[in-house]
Amino acid sequence: DTAVSQTPKYLVTQMGNDKSIKCEQNLGHDTMYWYKQDSKKFLKIMFSYNNKELIINETVPNRFSPKSPDKAHLNLHINSLELGDSAVYFCASSLGLTNTGELFFGEGSRLTVL
Amino acid sequence: QKEVEQDPGPLSVPEGAIVSLNCTYSNSAFQYFMWYRQYSRKGPELLMYTYSSGNKEDGRFTAQVDKSSKYISLFIRDSQPSDSATYLCAMSGASSGDKLTFGTGTRLAVRP
């Protein structure tokens, strides 16, 4: 039973399209995150939510909009996709707010924008 | 210049070797230091974290932090082919909820 699951795993789409990635965790955690990993493996936080409340909102274009309908779900919607959005997007969760890195990551959603 | 620098490798070693992976950083506010392992096409998994300076050991893995030099290391003893992965260092500040800042990862290959 997967702890943090993301769908879809792979996404290929044209520039200008809108797409969503869904994330669900069954660990009972309060905090969820979206990270972006570029082709050079650099992993950078985009958003974090704690109990459905937005905590971290990095300098991400407002084409990216996270939504947390409940503590177990954090979805990412991307409008007007651009070539530079091509990356692997990881969802993660933690028991609560943490600075000790005890995060559980999903397997990633690989987005390719053509 | 990135806040956290990590040699991307790849690093190739024979099975049984001792591996040393390193990161340097510039932000003196970092207090917690982590190492993650990421297998190909998988998400990162936390290996261990250390608070402030010092050493921490977990099985074949030892993490070292030298805050005076802003330098952290991960040593892997008796390396195995199953250790072949990308190793990411990460750091954060003193407050819970402080964001993690990652290095770009070092790709390690352990040859049988």
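This is a predicted model: local features need pLDDT of at least 70, side-chain atom pairs count only at pLDDT 80 or more; totals for chains, interfaces and linings use all residues.
What does the bond between Cys23(A) and Cys91(A) tie together? Cys23(A) sits in strand β3 (residues 19-25) of chain A, while Cys91(A) belongs to strand β9 (residues 87-94) of chain A, so the pair connects parts that are 68 residues apart in sequence.

Chain B has a disulfide too, formed by Cys23(B) and Cys89(B), whose sulfur atoms are 2.0 Å apart. Cys23(B) is found in strand β3 (residues 19-25) of chain B and Cys89(B) in strand β9 (residues 85-92) of chain B, so this bond joins parts that are 66 residues apart in sequence. Are these two cysteines buried or exposed? Cys23(B) is buried, with a relative accessible area of 1%, and Cys89(B) also counts as buried, at 0% relative accessibility. Over all chains, the structure holds 2 disulfides.

| Disulfide | Angle about the S-S bond | Handedness |
|---|---|---|
| Cys23(A) and Cys91(A) | -80° | left-handed |
| Cys23(B) and Cys89(B) | -105° | left-handed |

## Strands in chain A

Let us stay with chain A and look at strand β5 (residues 43-50). How many of its 8 residues are buried? The count is 7, so strand β5 of chain A is mostly covered. As background, side chains in a regular strand alternate between the two faces of the sheet.

β5(A) pairs with strand β4 (residues 31-37) of chain A in the antiparallel sense, over 7 bridges. One example to find in the structure is Tyr33(A), whose bridge partner in β5(A) is Ser48(A). The hairpin of β4(A) and β5(A) has 5 residues between the strands, and in it Lys41(A) takes a positive phi near 75°.

β5(A) also pairs with strand β6 (residues 53-57) of chain A, again in the antiparallel sense, over 4 bridges. Here Phe47(A) stands opposite Asn57(A) in β6(A). With 2 residues between the strands, the hairpin of β5(A) and β6(A) includes Asn51(A), which takes a positive phi near 50°.

## Where the chains meet

Now for the contact between the chains. Chain B contributes 25 residues to it and chain A contributes 22 residues. The size of an interface is often given as the accessible area lost when the parts come together. For chain B and chain A, about 2000 Å² is buried between them, with 55% of it on carbon and sulfur atoms. Which residues of chain B lose the most area to chain A? They are Arg41(B), Lys99(B) and Phe102(B), which together account for 27% of what that side buries.

Charged groups take part as well: 2 salt bridges are found across the interface of chain B and chain A. One of them is formed by Lys99(B) with Glu58(A), where the closest N and O atoms are 2.9 Å apart. Between the chains, 8 residue pairs are in polar contact.

Which elements of chain B give two or more residues to the side that touches chain A? They are β4 (32-38), β5 (45-51) and β9 of chain B. β4(B) gives the most to that side, with 4 residues.

Technical notes. Residues are numbered from 1 along each chain as its sequence is written. Chains are lettered from A and ligands numbered from 1 in the order in which they are written. Side-chain values use heavy atoms; hydrogens and water are left out. A disulfide is a pair of cysteine sulfur atoms within 2.5 Å. Buried means under 20% relative accessible area, exposed over 50%, partly exposed in between (1.4 Å probe, protein chains only). Two strands pair if DSSP finds at least two bridges between them. Contact means heavy atoms within 4.5 Å. Buried area is the accessible area (1.4 Å probe) that two parts lose on being put together, summed over both. A salt bridge is a side-chain nitrogen of Lys or Arg within 4 Å of a carboxyl oxygen of Asp or Glu. A polar contact is a pair of N or O atoms within 3.5 Å; within protein, one must be able to donate a hydrogen and the other to accept it, and residues adjacent in sequence count only if both atoms are side-chain atoms.
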